[in-house]
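Student: I would be grateful for a close look at one part of this model, together with what surrounds it. Which residues and elements deserve attention there?

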Amino acid sequence: MQPEPIHLAELIEVCCAAIVANSDHLCALDRAIGDGDHGTNMKRGCEAVSAEGAQLSNLPFPDAVEKIGLTLVMNIGGAAGPLYGTLLMEIGRELRMRDGAEFPLVLKQAIDAVAKRGRANEGDKTLLDVLYPVHAALVSRSSLREIALRAEYSATGTATMKAMRGRASYLGDRSIGHIDPGASSCALLTTAICRYLEEQHLQ
Ligand code: ADP
Ligand code: MG
């Protein structure tokens, strides 16, 4: 079967729907080790991007991705806004300079920029603990379904970690036993994107 082209507006909608449907759950995760707003923050950011969907579809793909990053920074707020914003803005910038076939490298550069921005490393119980495993799965040419499973498994795995960055780090050892909200939103988005690409027969 021939692969369908990626329709950016559709991809935005599936991401937005995943966050909206799980907003209460993300807030509950954040209430346990933070201030309870992660679901609300992510929903606000996704709805702002969704409102720009038609306009974004008219831009070249890298420009649209960069613009999504800017909208996320301006609308998510909190700690997650600048981090998700950096991720998308860097992916956009890197895509402008590279071939689409180099996507694993594009993603790696963007994840490293997020780590730098948050002064965080893998293992600190943040969204990086989903992003790095997703990148590793891409490099090892895992299927879309395997990448989504890896993201979900990695988010669940943050429960055993002690938070070293962000609000959750104020709890010290008491952060252990809870899933990180940012890791969870990142897994939800990864799963939504993988499912969409699979439906488009892109793998
Ligand atoms: P806030 O903590 O300001 O209320 P959110 O609740 O929206 O912001 O987002 C919290 C999430 O942001 C955390 O679960 C974590 O994944 C991520 N996070 C927070 N600080 C950092 C950091 N310094 N580096 C990477 N990720 C971080
Ligand atoms: Mg919060």
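Tutor: Relative accessible area, taken with a 1.4 Å probe on protein chains only, sorts residues into buried (under 20%), exposed (over 50%) and partly exposed in between. The model is predicted, with local features needing pLDDT of at least 70 and side-chain atom pairs pLDDT 80 or more, while totals for chains, interfaces and linings use all residues. Residues are numbered from 1 along each chain, chains are lettered from A and ligands numbered from 1 as written, and side-chain values use heavy atoms without hydrogens or water.

On that scale Asp37 is partly exposed at 25%, and Asp35 is likewise partly exposed at 38%. Both belong to the protein donors (N, O and S atoms within 2.8 Å of the metal, or 3.2 Å for Na, K and Ca; water is not among the atoms, so sites may look incomplete). The magnesium ion (ligand 2) has Asp30, Asp35 and Asp37 as protein donors, each through OD, at 2.0 to 2.2 Å. Along the sequence these donor residues follow the spacing D-x4-D-x1-D.

Consider next α8, which spans residues 144-157; helices are DSSP runs of H or I, at least four residues, numbered from the N terminus. The axis of α8 comes within 9 Å of that of α7 (residues 128-139), and the two cross at roughly 150°. The pair is therefore roughly antiparallel, a label for angles over 145 degrees. From α7 the contact (heavy atoms within 4.5 Å) draws on Asp129, Val130, Pro133, Val134, Ala136, Ala137 and Leu138, and from α8 on Ile147, Arg150, Ala151, Ser154 and Ala155.

α8 also packs with α9, at an angle of about 170° and with the axes 9 Å apart. α8 and α9 are therefore roughly antiparallel to each other as well.

Thr158 is buried, with a relative accessible area of 0%. Leaving aside residues up to four places away in sequence, Thr158 touches Lys125, Thr126, Asp129, His178, Ile179, Asp180 and Ala183.

Notes
Axes fitted to C-alpha atoms, helices over the stretch in contact; angles between N-to-C directions. Parallel < 35°, antiparallel > 145°, perpendicular 65-115°, else oblique.
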